[in-house]
Amino acid sequence: MKWLNLLPIALGLAHASIISFSPPTNPDIIYSLTIPNTTTLSTPGPIYIQITAPTSIQWVGLGQGAQMTGANMFLLYTSSSTKITLSPRSGLGHFEPQYTSNTQITMLPGTGISTINSTTAALTNSSSPSSDNTRTTMTANFRCDNCLTWQDGTGTMNPKDSNFPFIWAYRAGVPINSASMDADISIHDDMGGIQVDLTRAGMPPQPNDTTSPDSSSSSSNTTNPFANYNPLTDSIPAQSPTNPSTTSSPLPNLTKMTHILISHATLMALSFVLFYPLSALLMPLPISLPISKFRLHMPLQIFTMLMTLAGFGCGIYLAYETGQLRTAHPILGIIVVGVLVLFQPAMGWLQHFGYVRTGGRTVWGVCHRWLGRGVIVVGVVNGGIGIHVARGMGMAPVGAVVGYAVVAGVVGGIYLGGLLVAWMVERKRRGVEGERDGRRVENVEGREGGDDDADGEKGGSVEERVG
């Protein structure tokens, strides 16, 4: 009888197959997903997602894709003590994902802040813990109508994919409490990735499901697969135990990445803000040293270049792992280091050999000097761009920004002051030599004039006599 087919729905037994997974480091964070059986790439439809986390987590994120760059992300954080904010964002090559209004999201009932009993995992309607065995939890239940493709089709998700990558991240701390979709977030405490068997997330057609990518139905007549859903008891694993290939390699370790970032910033800042300009200033300064300036300048520059190459390697690794190789900071860094390695040493050697032969400047020396100065300036500016990027990661405190600016300004002032002193000394030296040459000419002319006067025949200067 046909009415028997409706009995499971009426009794709430025709549940969707909802898959879920959690970060290994924080099982209290749970991501759940189900996809209607009618949703396919050829027939686009909605997908349903639930993100739940304790309010002790400052923000939690889920992304479709294998890495931040090009991922379609959802960030969950509190907007107040009783409400949440779900921010759809795009990974566009910046460390902090950017808010996008292109993602079509409908919030479903059950979204908000509630309490969960740590013993029975039963959700209640209270907005604050009522006993020691409860904790406050933020939950986002939502439907996304266009999450099969994103970023103009550069990202896609096939609902029939048995090995689709997701990334996750979270940060613990003081609640953000912002209703802004583009609120700034600090860098995550942990991140990772997982390959999900989407074929396990099936949802049969529902009698009240009027949703489609073009529909504008309200939550009152929208299917909500998370009604009466408990992720601890009602979900199935996102990975098939018979398919071990679904386990993904973890994303880069945060602690390791932090150490590499610090090494990169320290080595590059020391090179371009301190060692390169001070070593370059050694040559024009009017000082006497017990050894040749070149014999001191050359090893200092070689040492600094090796330091630069070490910092450059750290930077390239970071840019590759985070998908930043095509952004401004690494591109400028590659150009600057390329010029330093390929051109500066060769022009320095050519200038030295030319000086040994002629005792003066050569065109190679002029190119070496001015190209070096330009590269140093670009390197310092690029360091500022790098600090801006690190600020977006929440890893560059104000003290680091101020310190970099102060040291760069002081060293820049010393460099310009040294060049000014060298120019003034050189100008004075040329003036003294000019006066000395003039007196020598006058002495010669005087002696010639004296002889003429002695003869009593000719007088005046050489020029006058010639004239």
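Predicted model: local features only at pLDDT ≥ 70, side-chain atom pairs only at ≥ 80, totals over all residues.
**Exercise 1. Find which members of the largest nonpolar core touch the most other members.**

Step 1. Recall a general idea: in soluble globular proteins, nonpolar side chains tend to be buried together.

Step 2. The largest nonpolar core holds 35 residues, and the ones touching the most other members are Phe21, Ile47, Ile51, Val60, Met157 and Phe166.

Step 3. Zoom in on Ile47. Setting aside neighbours within four places in sequence, its contacts include Leu33, Phe142, Arg143 and Met157.

Step 4. Return to Phe21 and Phe166: ring pairs join them with Tyr31 and Phe164 in a cluster.

**Exercise 2. Decide whether serine 20 is buried or exposed, and find which residues it contacts.**

Step 1. Locate it: serine 20 sits in strand β1, residues 19-21.

Step 2. Its relative accessible area is 14%. Buried means under 20%, so serine 20 is buried.

Step 3. Beyond its neighbours within four places in sequence, serine 20 contacts several residues, including Ile30, Tyr31, Tyr229 and Pro237. Tyrosine 31 is 11 residues away along the chain, yet the two C-alpha atoms are separated by 5.3 Å.

**Exercise 3. Classify two aromatic pairs: tryptophan 168 with tyrosine 170, and phenylalanine 272 with tyrosine 276.**

Step 1. You need two values, since a pair of aromatic rings is described by the distance of the centres and the angle of the planes.

Step 2. The count of aromatic pairs comes to eight. For tryptophan 168 and tyrosine 170, the centres are 6.2 Å apart and the planes are at 15 degrees, so this pair is stacked. Both residues are buried.

Step 3. Phenylalanine 272 and tyrosine 276 have centres 5.2 Å apart and planes at 55 degrees, and the pair is tilted.

Step 4. Why are phenylalanine 272 and tyrosine 276 separated by about one helical turn? Because they lie four residues apart in helix α3.

**Exercise 4. Describe the three salt bridges and say whether their residues are buried or partly exposed.**

Step 1. Arginine 135 bridges to aspartate 28, with the closest N and O atoms 3.4 Å apart. This pair links distant parts of the chain, 107 residues apart. Arginine 135 is partly exposed at 27%, and aspartate 28 is partly exposed at 36%.

Step 2. Arginine 143 bridges to aspartate 145, the closest N and O atoms being 2.7 Å apart. Here arginine 143 is buried at 1%, and aspartate 145 is buried at 6%.

Step 3. Arginine 171 bridges to aspartate 189 with a closest N and O distance of 3.7 Å. Arginine 171, at 22%, is partly exposed, and aspartate 189, at 36%, is partly exposed.

Key. Residues numbered from 1 in each chain as written. Heavy atoms only, no water. Core = buried A, V, L, I, M, F, W, Y, C linked by side-chain atoms within 4.5 Å. Buried < 20%, exposed > 50% of the residue type's maximum accessible area, 1.4 Å probe, protein only. Contact = heavy atoms within 4.5 Å. Phe/Tyr/Trp six-rings, centres within 6.5 Å; stacked < 30°, edge-to-face > 60°. Helix = DSSP H or I, 4+ residues; strand = E, 2+ residues; numbered from the N terminus. Salt bridge = Lys/Arg side-chain N within 4 Å of Asp/Glu carboxyl O.
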